[in-house]
Amino acid sequence: MALCLPWLPAERRARHAPQPEPLVLVANERGRQVIRATCAAAAAEGLHPGLALADARAVLPGVRVAPHDPAGDAACLDWLADGATRWSPMVAAAPPHGLLIDISGCAHLFGGEASLIADVITRLERLGFSARHAIASTPAAAMALARFGATRVADLPLAALSELEPVQIALRRAGLKRVGEVAALPRAAVAARFGEALLAALDALTESAPQPLDPRLPVAEIVAQQRFPQPIATTDAVRVALEKLLLRCAVQLGARGQGGRLFALALYRADGHVAQIRVETAEPQRDAAVLLRLFDERIAALNDPLDPGFGYDLVRLAVPVTQPQDETQLGLEGGQLAETQLAELVDRLAARLGRSRIRRLARADTHIPEKASFDLPFAASAPSAWPTPAPGEPPDRPIRLFDPPQPIEVLAEVPDGPPRRFRWRARVHDVTAHEGPERIAAEWWRRKDGAGLTRDYWRVEAADGRRYWLFRHGLYDRETGAPRWYLHGLFA
Amino acid sequence: MTLDGGRVDAALGGGLALAGCHEIYGPGGTALALMLALAAPRAGPILWLADARQDDGRIHGAGLAELGGDPGRLWLVQAGGALPMLRAAAEAQRCAALACVVIEAGAASAVDLTVTRRLQLAAAASGLFTLLLRAGPSRPSAALTRWQARAAPSRRLAADAPGPPRLALTLERQRGGPADLTLELEWDRDRRRFIPAAAFAERAIPIGAAFGRSAAHIGALPAVAARRTPRPARAAA
């Protein structure tokens, strides 16, 4: 089924504030203003996209003008496409003004095609959009029928075959007026005279071979949904519905021996808006109680709380990503295993804060301190092996590391000697003890020019007892005349 | 958990209570929190909750390994705000498989008396060791204890090198117990415990001839190893 919303840009503006009619939406094109979209009333007066605004004013002096916003129109179309998933999971937006819904096997759920169409058109009208619809066996044919308001593919005008003006002129000069007439010609002759592209367009319109839609939202295998004749408007009611849907999905998952990694809850508001809430888990999961808690976390952490408005009339839970999940073994002494508890904690924190906010320290095989240790998102990292320090020695790496290192002013007795005094954060620290230098060369093999300054690290203790990690950037006299000093880290 | 095995432990009623929330502030706060978490007897991950902003640098994995901990045990959570951080803390405090929760609250004004009481109650209920790192001492709090942690001058090793980390702690407050006690602790990395600094006072440090320090981590640069100041090993404890 295809829906064509020819007046979408104008009607979208009218949804937010009543617009004076007739209205045209214009954009600048090579220094002049050209109509990009019109409202129904303006179209009835003969104004059409592509007309210069000056010409339109000559035809209709009272026309109102507003700027055209294609990005907003595309977002509105996507919003409508999300809402249309209430009728079928396979929905695709067909810019600029079309929606394609695959209703194979869905119509009977709404009492047949006629009442499905009535439902679609009523809902769109309630939103303030007028749409032309058509049902055909292929998406291209349905779209063309809806656009040109024809009933049969053979009756479609030539514009349905090609948007290009020269091709249309060539077809007209050959005496062809309708798609049916072109289809009656021998294929080889059409291809030779008008090009392969026209033949492909013709095939898309006339052939009944399946042409898959590219759905806007991934289609899940496991779906549970609940319709409400009376829309539900409270969060508690949503929660009860969600619990039932989770249990139904858990049964389906259990029967397949699978667990879900991603759960998508869609709340269809009666006025067409769809709220999407997604929960991701680290391990395959099908425990309804655990999942309900994750959804609770997610809903509690939403920036804009759920706004039921006039209520939700359809709640759907889909599991787009599944993985095999074995039955879990419980600990011998009862209770959950520690790993399970930790995995659930990570999931709950991830549901609340986002998966990338939970991090683990990882080690890299390099001598450059700021590159040797970094934190990675929990999900993306495996624990890395760390070297065991030599026993009986004080720590030679700081607990806190500054990245980038903080520039400091240092007083040293000789330019390549140990620091005696340094100034950091507007305070002067006297060095009472030091150890070093630990020399770390730049990674010349990674750099194209093979250059880079050597760092001489000093572990120093200041008069206040605090231990600092300083380095001199560049070897005096050999690499640089005036090496700079940096504070790189803080020990205990 | 014992700290100095003497006066302070007695004042704390037999050591630092593990099932409770303790407050730490001062420049040695990060170090003390990590050391306490490592010294705590429970195995399991250490959950470190932080606000997004970190003006004292980030925690360095190699440095944590040098304190004797496994950096893989440290799970960092960047909450991105005081309220999400506290909610995450409440969530974490219910998880019995963690070893310790550290909440790096900084100067967050959201952490008030009510919040600390909630943290303390949750810690007491679940038995999870909870540490609250703060920027200053001024705010009211319902935590079991409040510590000021500063770095203390360390023992000198040979060639005037700074020794193992030492912290000067002040027990500023204790709920239902004596307070205003000071102690100086040295961190024993190899046994993951504190040694009171007083234990070293009577012992002189002999200048030995054994070169204990490994140069393995700078093995790629042999010329450097030769330039390093040789230093004898610490006296056997």
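Visitor: Which residue in E4(B) is the bridge partner of Ile358(A)?
Guide: Val77(B) is the partner. This is a predicted model, where local features need pLDDT of at least 70, side-chain atom pairs count only at pLDDT 80 or more, and totals for chains, interfaces and linings use all residues. Residues are numbered from 1 along each chain as its sequence is written, and chains are lettered from A and ligands numbered from 1 in the order in which they are written.

Visitor: In what sense do strand E12 of chain A and E4(B) pair?
Guide: Antiparallel, over 3 bridges. Strands pair if DSSP finds at least two bridges between them. E12 covers residues 358-363 of chain A. Strands (E, at least two residues) and helices (H or I, at least four) are DSSP runs, numbered from the N terminus.

Visitor: How many residues of chain B are in contact with chain A?
Guide: 65, and they meet 53 residues of chain A. Contact means C-beta atoms, placed from the backbone, within 7 Å.

Visitor: Which element of chain B gives the most to that side?
Guide: H3(B), with 6 residues.

Visitor: New topic. Is Ala318(A) buried or exposed?
Guide: Buried, because Ala318(A) has 25 C-beta neighbours inside 10 Å. The cut-offs: 20 or more other C-beta atoms within 10 Å is buried, 12 or fewer is exposed, in between is partly exposed, with C-beta atoms placed from the backbone. Ala318(A) sits in strand E11, residues 312-324 of chain A.

Visitor: What is Ala318(A) in contact with, leaving aside neighbours within four places in sequence?
Guide: Ala220(A), Ile222(A), Val223(A) and Ala264(A).

Definitions and conventions: Contact = placed C-beta atoms within 7 Å.
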